[in-house]
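Please examine the sequence and the model before reading on.

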Amino acid sequence: MAGFRSLARQVRDQHCDTALRRYALRKCLERFAPYGHRATWDHLCHRHGFGPDDRELDPARLVAALEELEEARAVWLAYEEDFAARRRREKHGGLRALGALDDWHRDVWGGNGVVRCGNPAVHPTDPLPQVVRRLVTALEHGPGEACPGCAGARIAWGAGDGDWYGPVCADCGVEVPRAALTPGALARARGVRARPLVPAA
């Protein structure tokens, strides 16, 4: 099974058929997809001006989309290295138990769904690296009052994708980890029922 870097080389390979290069970019999302596979693909298509089913498109657009994805992945991998180093120090110091945020982090190891969006058509519009940096900053500073994906404060309680049932950002559609919100922000979110999210025009 090809890894992210091998697939990225294929996306850049000018000797490959464009449809194959597009397929390689889609496969990259199996290794790293911050919003989840479908929402991340939708984001890249909109940001780089190609349709989700385009087979023949400007290869430069594919490479630009890949570069955005790679930059976001680098931000997340650096955070994971710091996280692993911290856990080694904690274990060495006798702290074995994981906190709520650490439990969430274990579930998203590798970067898939770190800012998951239950509706693939509703996700942050900022560049992926900016959103992932915002998430990392929020994780490093502890629970907050706002969405770690877009910094919006309109958080409601509702069912998301799959098994998710919890806080959802009404501004960008991110399913917010409970551990990323203060008890007050969680209480306010529970008091607001989420309405169906509609993609921004």
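Q: In which helix is the place of alanine 60?
A: This is a predicted model, in which local features need pLDDT of at least 70, side-chain atom pairs count only at pLDDT 80 or more, and totals for chains, interfaces and linings use all residues. Residues are numbered from 1 along each chain as its sequence is written, and side-chain values use heavy atoms, with hydrogens and water left out. Helices are DSSP runs (H or I, at least four residues) numbered from the N terminus. On that numbering, alanine 60 has its place in helix α4.

Q: Does alanine 60 count as buried, partly exposed or exposed?
A: Buried means under 20% relative accessible area, exposed means over 50%, and partly exposed lies in between (1.4 Å probe, protein chains only). The relative accessibility of alanine 60 is 47%, so this residue counts as partly exposed.

Q: How far apart in space are alanine 60 and valine 11, C-alpha to C-alpha?
A: In sequence, 49 residues separate alanine 60 and valine 11. In space, their C-alpha to C-alpha distance is 9.9 Å.

Q: Are α2 and α4 roughly parallel or roughly antiparallel?
A: Axes are lines fitted to C-alpha atoms, for helices over the stretch in contact, and angles run from 0 to 180 degrees between N-to-C directions. The axes of α2 and helix α4 (residues 59-92) cross at roughly 15° and come within 10 Å. That makes the two helices, α2 and α4, roughly parallel, a term for angles under 35 degrees, whereas over 145 is roughly antiparallel, 65 to 115 roughly perpendicular and the rest oblique.

Q: How are α1 and α2 directed relative to each other?
A: Helix α1 (residues 4-12) packs with helix α2 (residues 18-28) at an angle of about 155°, and their axes are 8 Å apart. The direction of α1 relative to α2 is therefore roughly antiparallel.

Q: How many disulfides does the structure hold?
A: A disulfide is a pair of cysteine sulfur atoms within 2.5 Å. The sulfur of cysteine 172 is 3.6 Å from the closest cysteine sulfur, in cysteine 150, which is too far for a bond. The number of disulfides in the structure is zero.

Q: What is the relative accessible area of cysteine 169?
A: Cysteine 169 counts as buried. The value for this residue is therefore below the cut-off for that class, at 0%.
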